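This briefing is meant for a reader who is meeting the structure for the first time. Please look at the sequence and the model together, and then follow the points below.

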Amino acid sequence: MKRAAIYPGSFDPVTNGHLDIIERARHLFDEIIVAVSENPSKRPYFSLPERLRFLHQAVGARPGVRVEAFSGLLTDYVKKKKAVAVIRGLRAVSDFEYEFQMALMNRRQNNRFETVFLMPDEKYTYLSSSLVREVSRLGGRVRGLVPTGVEKALQQRAQDHA
Ligand code: ADP
């Protein structure tokens, strides 16, 4: 039986840090389902179809990687997909407390899967979607930090709002 893992997140937008984690996870599981949360309460910068498109362009062709939208409880989604694990990235100690809380809460809901934390290459440890949005909104350079399609979309968005 195929061992699938879910990599959930807002991906607003996807960064090279996310891609690094997907690549590492790909070597551990047969299938990685990148699950993009709708998250209307977070008022995302990019719409769900845009975030899905960026991910499709970046990883859609990689064997064993699937990109999907999801809403509702992550634990229900994991059950529906018959996944054995949830992947999360850990950058610094600052990520730890929230991630630990979430992982244990998820375990309370459904004890049948594990949360697996992966560390990105150290060059991505300072990288976050929110920082990328902020820098690009102010006219800064994000080349090398995000896929090219995302870089273009961020530039366009910054110009539109200038
Ligand atoms: P969320 O809103 O669920 O935190 P994100 O898209 O911000 O969604 O992040 C999804 C996951 O990817 C989280 O586990 C986060 O810690 C991880 N992540 C984000 N940026 C990086 C990065 N640069 N390196 C490694 N992991 C990262």
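A polar side-chain atom of His-18 lies 3.2 Å from an oxygen atom of the ligand, which is a polar contact in the sense of a pair of N or O atoms within 3.5 Å. This is a predicted model, in which local features need pLDDT of at least 70 and side-chain atom pairs count only at pLDDT 80 or more, while totals for chains, interfaces and linings use all residues. Residues are numbered from 1 along each chain as its sequence is written, and side-chain values use heavy atoms, with hydrogens and water left out.

**Ligand contacts**
- An N or O atom in the side chain of Ser-10 is 2.6 Å from an oxygen atom of the ligand, and a polar backbone atom of Gly-89 is 2.7 Å from an oxygen atom of the ligand.
- Of the 550 Å² of accessible area that the ligand has on its own (Shrake-Rupley method, 1.4 Å probe), the protein covers 88%.

**The shell around the ligand**
- The ligand is surrounded by 17 residues (a heavy atom within 4 Å), and the closest are Tyr-7, Ser-10, Lys-42, Gly-89 and Leu-127.
- The elements that give two or more residues to this shell are β1 (4–9), α1 (16–26), β4 (85–89) and α4 (93–109), where helices are DSSP runs of H or I with at least four residues and strands are runs of E with at least two.

**The loop between β1 and α1**
- Phe-11 is in the loop between β1 and α1, and Phe-11 has a positive phi of about 50 degrees although it is not a glycine.

**Salt bridges**
- There are 14 salt bridges, each a side-chain nitrogen of Lys or Arg within 4 Å of a carboxyl oxygen of Asp or Glu.
- Arg-157 and Glu-50 form a salt bridge, with the closest N and O atoms 3.7 Å apart.
- This pair links distant parts of the chain, since Arg-157 is in helix α6 (residues 148–160) and Glu-50 is in helix α2 (residues 48–59), 107 residues apart.

Methods. A polar contact is a pair of N or O atoms within 3.5 Å; within protein, one must be able to donate a hydrogen and the other to accept it, and residues adjacent in sequence count only if both atoms are side-chain atoms.
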